[in-house]
Amino acid sequence: MPIVTVQVTREGTTQDRKSVTAEEKAEIIKGVSQVLLDVLNKPLESTYVVIEEVELDNWGWGGLPTAQYRALLAAQAKA
């Protein structure tokens, strides 16, 4: 019985949203489950997928909080 945990930042795909939608979560669950079926032959009914939404302030990347790192990348892209 595989258990897969997927962590995503708690932010929407548009600025007016603050989380992943139920529809997006359903697609993640479907896709991850299908990969385990295709690659490891694990039945869909025995695969559990857990989605954890993490506040953006709790993510770090490149030695910086994610928001700062994204700002750095954006500034570098403009240069």
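Start by selecting Arg-10, which is partly exposed because its relative accessible area is 33%. The model is predicted: local features need pLDDT of at least 70, side-chain atom pairs count only at pLDDT 80 or more, and totals for chains, interfaces and linings use all residues. Residues are numbered from 1 along each chain as its sequence is written, and side-chain values use heavy atoms, with hydrogens and water left out.

**Stop 1**

A salt bridge here is a side-chain nitrogen of Lys or Arg within 4 Å of a carboxyl oxygen of Asp or Glu. Helices (H or I, at least four residues) and strands (E, at least two) are DSSP runs, numbered from the N terminus. Glu-55 is partly exposed, because its relative accessible area is 39%.

**Stop 2: other salt bridges**

How many salt bridges does the rule count? The count comes to 4. Select Arg-17 and Glu-24 for another one of them; the closest N and O atoms are 2.8 Å apart. Arg-17 is partly exposed at 23% relative accessible area, and Glu-24 is partly exposed at 25% relative accessibility.

Next, select Lys-25 and Glu-53. They form a salt bridge whose closest N and O atoms are 2.9 Å apart. This pair also links distant parts of the chain: Lys-25 belongs to helix 1 and Glu-53 to strand 2, 28 residues apart. Glu-53 has 16%, so Glu-53 counts as buried.

**Stop 3: Ser-33 in helix 1**

Select helix 1 (residues 22–40) and find Ser-33 in it. Ser-33 counts as buried because its relative accessibility is 8%. Which residues does Ser-33 contact, leaving aside its neighbours within four places in sequence? They are Leu-44, Thr-47 and Val-49. Contact means heavy atoms within 4.5 Å.

**Stop 4: Asn-41**

Select Asn-41, in the loop between helix 1 and strand 2. The phi angle of Asn-41 is near 60 degrees, a positive value in a residue other than glycine. Asn-41 is exposed, because its relative accessible area is 61%.

**Stop 5: a nonpolar surface patch**

Select Met-1, Ile-3, Tyr-48 and Val-50 together. These residues form a nonpolar patch on the surface, with about 440 Å² of accessible area together. Patches are made of residues with over 30% relative accessible area and no salt bridge; like charges are joined within 9 Å, and nonpolar side chains (Val, Leu, Ile, Met, Phe, Trp, Tyr) within 5 Å. Accessible areas come from the Shrake-Rupley method with a 1.4 Å probe, and for residues only the protein chains shown count as cover. Val-50 is in strand 2 (residues 48–54). Val-50 counts as partly exposed, because its relative accessibility is 35%.

**Stop 6**

Select helix 2 (residues 66–78), where Thr-66 lies. Thr-66 counts as buried because its relative accessibility is 4%. Leaving aside neighbours within four places in sequence, Thr-66 is in contact with Leu-56, Trp-59, Gly-60 and Trp-61.

Now look at the rings. The count comes to 1 aromatic pair. The rings of Trp-61 and Tyr-69 have their centres 4.6 Å apart and their planes at 50 degrees, so the pair is tilted. Rings of Phe, Tyr and Trp (its six-membered ring) pair if their centres lie within 6.5 Å; planes under 30 degrees apart count as stacked, over 60 as edge-to-face and the rest as tilted.

Trp-61 counts as partly exposed, at 45% relative accessibility. Tyr-69, which lies in helix 2, counts as buried at 19%. Not counting residues up to four places away in sequence, Tyr-69 touches Trp-61, Gly-62 and Leu-64.

**Last stop: confidence**

Colour the chain by pLDDT, the predictor's confidence in each residue, from 0 to 100. The protein chain averages 92, and 100% of the residues score at least 70. Confidence is lowest in strand 3, at a mean of 90, and highest in helix 1, at 97.

Key
Buried means under 20% relative accessible area, exposed over 50%, partly exposed in between (1.4 Å probe, protein chains only).
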